[in-house]
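Let us walk through this structure together. Keep the sequence at hand and follow along in the 3D view.

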Amino acid sequence: MQNDKGQGVSHATDSQLPGKVQEKVPAGIEKQVPDALHDTGSNQETGKVSHAIGESKVPQAIQEGLPEKVERMVPEAIHPTGDGK
């Protein structure tokens, strides 16, 4: 049963988080977890997306969790974003 904070159920279609954790976290917090770890389909609305334009050596969950400014600071050889660094 879900309470007014969205706790008590998981809002993910696929998750690497333990079921009990998914149920106890409020829905607003749950949606802030990168979809690569806990897929609620909210990456586009939260901005947690990868900006890589090629194959990255950075794990997907980290790509989604990093702020865009930090992600673009990673060398192109490791994480290509087209910024030429």
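The paragraphs below go from the whole chain to single residues.

Start with a word of care. This model is predicted. The predictor attaches a confidence score, pLDDT, to each residue, on a scale from 0 to 100. The protein chain averages 77 on that scale. Of its residues, 75% score at least 70. Helix α5 has the highest mean pLDDT, at 88. Helix α3, residues 43–46, has the lowest, at 68. Where pLDDT is low, the predicted coordinates should not be read in detail.

Now look at the overall plan. How many helices and strands does the protein chain have? There are five helices and two strands. Trace them from the N terminus and the order reads β-α-α-β-α-α-α. The protein chain has 85 residues, and 27% of them are buried. Its accessible surface comes to about 5400 Å². Carbon and sulfur atoms account for 56% of that surface. Next, consider contacts between residues at least 6 apart in sequence. Among these, 26% join residues at least 24 apart.

Begin the tour of residues with Gln16. Find it in the loop between β1 (14–15) and α1 (19–24). Is Gln16 buried or exposed? Its relative accessible area is 62%, so Gln16 counts as exposed, since the cut-off for exposed is over 50%. Gln16 still has contacts beyond its sequence neighbours. Leaving out residues up to four places away, Gln16 touches Ala36 and Leu37. Gln16 and Asp39 are 23 residues apart along the chain, and their C-alpha atoms are separated by 9.0 Å.

Move on to Lys57, in the loop between α3 and α4. Lys57 is exposed, because its relative accessible area is 65%. Which residues does Lys57 contact, leaving aside neighbours within four places in sequence? They are Ala77 and Ile78. His79 belongs in this picture too. Lys57 and His79 are 22 residues apart along the chain, yet 6.2 Å separates their C-alpha atoms.

Ala77 sits in the segment after α5. Ala77 is exposed as well, because its relative accessible area is 63%. Compare its position with that of Gly54. The two residues, Ala77 and Gly54, are 23 apart in sequence and 10.0 Å apart in space, C-alpha to C-alpha.

Stay in the segment after α5 (68–71) and go to Thr81. What does Thr81 touch, not counting residues up to four places away in sequence? The list is His51, Ala52, Ile53, Glu71, Arg72 and Glu76.

The structure holds one salt bridge. Which side chains meet in it? They belong to Glu68 and Arg72, with 2.8 Å from N to O. Glu68 counts as partly exposed because its relative accessibility is 38%. Arg72 is partly exposed too, because its relative accessible area is 22%.

Finish with Leu66. Leu66 lies in the loop between α4 (60–65) and α5. Its relative accessibility is 25%, so Leu66 counts as partly exposed. Now locate Ser50. Leu66 and Ser50 are 16 residues apart in sequence, and 8.4 Å apart in space, C-alpha to C-alpha.

Last, pick out the salt bridge between Glu68 and Arg72.

Note on methods: Residues are numbered from 1 along each chain as its sequence is written. This is a predicted model: local features need pLDDT of at least 70, side-chain atom pairs count only at pLDDT 80 or more; totals for chains, interfaces and linings use all residues. Side-chain values use heavy atoms; hydrogens and water are left out. Helices (H or I, at least four residues) and strands (E, at least two) are DSSP runs, numbered from the N terminus. Contact means heavy atoms within 4.5 Å. Buried means under 20% relative accessible area, exposed over 50%, partly exposed in between (1.4 Å probe, protein chains only). Accessible areas come from the Shrake-Rupley method with a 1.4 Å probe; for residues, only the protein chains shown count as cover. A salt bridge is a side-chain nitrogen of Lys or Arg within 4 Å of a carboxyl oxygen of Asp or Glu.
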